[in-house]
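Reader: Could you walk me through the terms used for this model, and the values behind them?

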Amino acid sequence: MKFEITYLGVQAALPHRGGITTSQVVNIHEDLYLLDCGEGTQMKLEQWHVRRNRIKAVLISHLHGDHVFGLPGLVTSFSHFQRTLPLVIIGPPGIREFLCTSLRISEAYIGFSLDIRELSHDGTLCVYEDKNVSVCAFPLHHRVRTYGYRLNEQVVLNVNRQKIEEYQLTPDQIREVRQKIDVNVKSGQKVPWTEIVSPKHLPRSYAFCTDTAYFPDVVGSVGGVDVLYHEATYLSDMQLQAVERFHSTAAEAGRIAAAAGVAQLVLGHMSSRYFQHLPFLEEAGMYASNVMIASEGLVLAIPQKKTYQILH
Ligand SMILES: [Zn+2]
């Protein structure tokens, strides 16, 4: 079962040398979730052979153009691909007006339903859920209202057949234990669901934090994720500009990753003023242990993790 991130665009501010601005697609069990939608996202979906009709939800961090200007084009084009599946779009206040105005003025034909959800909460909140994933959104610290996202794989449960026979569970009761509900069995005994079902694998998780100034409040929201994508627009030589422009340095991204205990840090959104990426790895690596740079076309797979087995 897949949990894979494809980096479609990693540039800050402007498309540059054929690369586009922020866009990523996360494949969880063959359903897709798009994170941000910079200008040119459609072209990159095609280039990297992403099956766009499998996109179930689009999660937008904020309304700066380099994170959202690809959205009206992407939504409009779905109709050319005979899309009928509803599309969920989640983002900060203004996302509805931005998209609906573009679609209305351009008289776009949309042959499927759009479920647009505007966020305005503080703290961490579950904003989307389906059979594969639950998505939490949490505020970042930028010039405009911005949210980070954490995608948690849903736990796939194993049913213990011996226990089903032992307790003579009915199909309805099996359904209940799968929904983590304790059941009253024939003997009158109450059996906890944990006795009958157990997780097949440890759930995997991915977090997306861009754009943001150094903001330690996110540590609780991204704690323990397998992979954290964090913006690193600057190196520490431009610390002052990072603060003024509400962006992070590579060192600050490293500090967040270390405090949150993430297994892998991925840096992106580097300013085009920098030609070398090695200093970003070095700076973040002073704090975090596993650091890499996102590059266009990179596919990062998070392997399935076995649950612990008690043998004796
Ligand atoms: Zn921004």
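Author: Here are a few of those terms, each set against its definition. The model is predicted, so local features need pLDDT of at least 70 and side-chain atom pairs count only at pLDDT 80 or more, while totals for chains, interfaces and linings use all residues. Residues are numbered from 1 along each chain as its sequence is written, and side-chain values use heavy atoms, leaving out hydrogens and water.

Reader: What makes a set of residues a nonpolar core?

Author: Its members are buried Ala, Val, Leu, Ile, Met, Phe, Trp, Tyr and Cys residues joined through side-chain atoms within 4.5 Å, where buried means under 20% relative accessible area with a 1.4 Å probe, protein chains only. The largest such core has 30 residues, and Leu267 and Phe280 are among those with the most contacts inside it. Helix α9 gives the most, five residues. Apart from this core lies another, of 29 residues, including Tyr33 and Val127.

Reader: What is Leu267 in contact with, beyond its neighbours within four places in sequence?

Author: Contact means heavy atoms within 4.5 Å. By that rule, the partners of Leu267 include Ala250, Phe280 and Ile293.

Definitions and conventions: Buried means under 20% relative accessible area, exposed over 50%, partly exposed in between (1.4 Å probe, protein chains only). Helices (H or I, at least four residues) and strands (E, at least two) are DSSP runs, numbered from the N terminus.
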